[in-house]
Amino acid sequence: MGCACDWPEPVVRVQSLSENGESIIPDRYIKPPSDRPTLNNSSLSDINIPLVDLSGLTNGDLTVREATMNQISIACREWGFFQVINHGLKAELVDGVREIWREFFHQPMEVKQKYANLPLTYEGYGSRLGLQKGAILDWSDYYFLHYLPSSLKDHRKWPDKPSSLRELVEEYSKEIVRLGNTLLEVFSINLGLRHDYLQNKFGGEDIGACLRVNFYPKCPQPDLTLGLSSHSDPGGITFLLPDENVSGLQVRRNEQWITVKPVRHGIIVNIGDQIQVHISVKNFFKM
């Protein structure tokens with residue numbers, strides 16, 4: 001087995017490949033035919049993941065609150081994905097954190113390389129996952145950070161350029177954790193459990209949270225590769241802040257890939273494997 005202290009081969013930044021002007025991508029980014037991108041079925045082009053207005057949880061009307069919780073329940077059981085609006089994150093924060101990371105990825109390479117990551121923790125600036133030598137790679141670079149528990153948070157690994165990045169990421173992460181706590185309570189109640197059940201199962205006050213920023217450079221042969229291979233998320237909840245001008249995220253439902261259409265300032269919620277297990281068990285015992 002390879003040592004987890006270093007990568008099995010030199011790391012190539014996908015952004016550098018994109019910017020060198022070549023019209024053909026290296027073989028190691030070409031996916032097998034069965035895994036390559038496919039165009040949406042035209043009959044699915046108008047389908048989107050559910051949209052939930054979270055203001056219904058706090059407006060004081062019990063009927064509206066119950067209806068909102070039911071919307072979330074259906075979205076979790078039938079999709080595993082939904083978008084939320086009126087989630088409590090300020091529009092300027094949502095726009096600001098997206099833009100500040102875009103600025104980071106357009107910093108000179110020597111600035112980014114200071115934060116190059118290693119597979120032991122993956123924290124920092126990266127371009128690959130896994131230690132398999134010669135693996136087929138995704139067409140993307142990324143930045144990974146620990147946020148909670150606080151014992152894992154190391155601000156030395158947070159970029160210091162652009163100058164406002166650390167402050168914005170701290171505020172955004174705090175607000176996402178707050179949103180996560182709200183949804184964990186809703187999920188618990190919808191499952192017929194104590195309101196704090198899932199929160200406690202995920203560590204209570206010591207809940208874990210991390211941040212990954214994906215950067216997808218322009219690709220000269222986009223029909224041959226993927227920015228991020230198909231997968232499910234192993235944790236509890238993943239919150240996605242998409243590029244509102246690029247529809248790239250796809251969700252698998254009923255053996256079909258459906259392209260998510262982001263809404264302005266919306267946050268996409270992905271139910272992770274650990275909560276999906278609770279939902280599946282609950283549905284099993286209701287049969």
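Is Cys76 buried or exposed? Let's find out in these close-up views of a predicted model.

View 1. Cys76 counts as buried, because its relative accessibility is 5%. Cys219 is buried too, with a relative accessible area of 16%. A disulfide is a covalent bond between the sulfur atoms of two cysteines. The structure holds zero disulfides. For Cys76, the closest cysteine sulfur belongs to Cys210 and lies 20 Å away, which is too far for a bond.

**View 2. Two helices crossing.** Two packed helices are described by the angle between their axes and the distance between the axes. Here, helix α2 (residues 62-78) meets helix α5 (residues 165-190), with axes that come within 10 Å and cross at roughly 85°. The two helices are therefore roughly perpendicular to each other. On the α2 side, look for Arg65, Met69, Ile72, Ser73 and Cys76; on the α5 side, find Leu183, Val186, Phe187, Ile189 and Asn190. Sorted by class, this contact has seven nonpolar, two polar and one charged residues.

**View 3. An open sheet of four strands.** Follow the strands in the order β1-β2-β9-β6, and you will find mixed pairing. β1 (51-53) and β6 (237-240) are at the edges with a single partner strand each, so one side of each has no neighbour in the sheet. From one strand to the next, the twist averages 30°.

**View 4. Pairing and packing at the sheet.** β1 pairs with strand β2 (residues 81-85) in the parallel sense, over three bridges. Leu51 has Gln83 of β2 as its bridge partner. Helix α2 packs on the sheet and touches β1, β2 and β9 (267-271). Helix α5 also packs on the sheet, touching β2, β6 and β9.

Notes: Residues are numbered from 1 along each chain as its sequence is written. This is a predicted model: local features need pLDDT of at least 70, side-chain atom pairs count only at pLDDT 80 or more; totals for chains, interfaces and linings use all residues. Side-chain values use heavy atoms; hydrogens and water are left out. A disulfide is a pair of cysteine sulfur atoms within 2.5 Å. Buried means under 20% relative accessible area, exposed over 50%, partly exposed in between (1.4 Å probe, protein chains only). Axes are lines fitted to C-alpha atoms, for helices over the stretch in contact, and angles run from 0 to 180 degrees between N-to-C directions. Angles under 35 degrees count as roughly parallel, over 145 as roughly antiparallel, 65 to 115 as roughly perpendicular and the rest as oblique. Contact means heavy atoms within 4.5 Å. Ala, Val, Leu, Ile, Met, Phe, Trp, Tyr, Cys and Pro count as nonpolar, Asp, Glu, Lys and Arg as charged, and the others, Gly among them, as polar. Two strands pair if DSSP finds at least two bridges between them.
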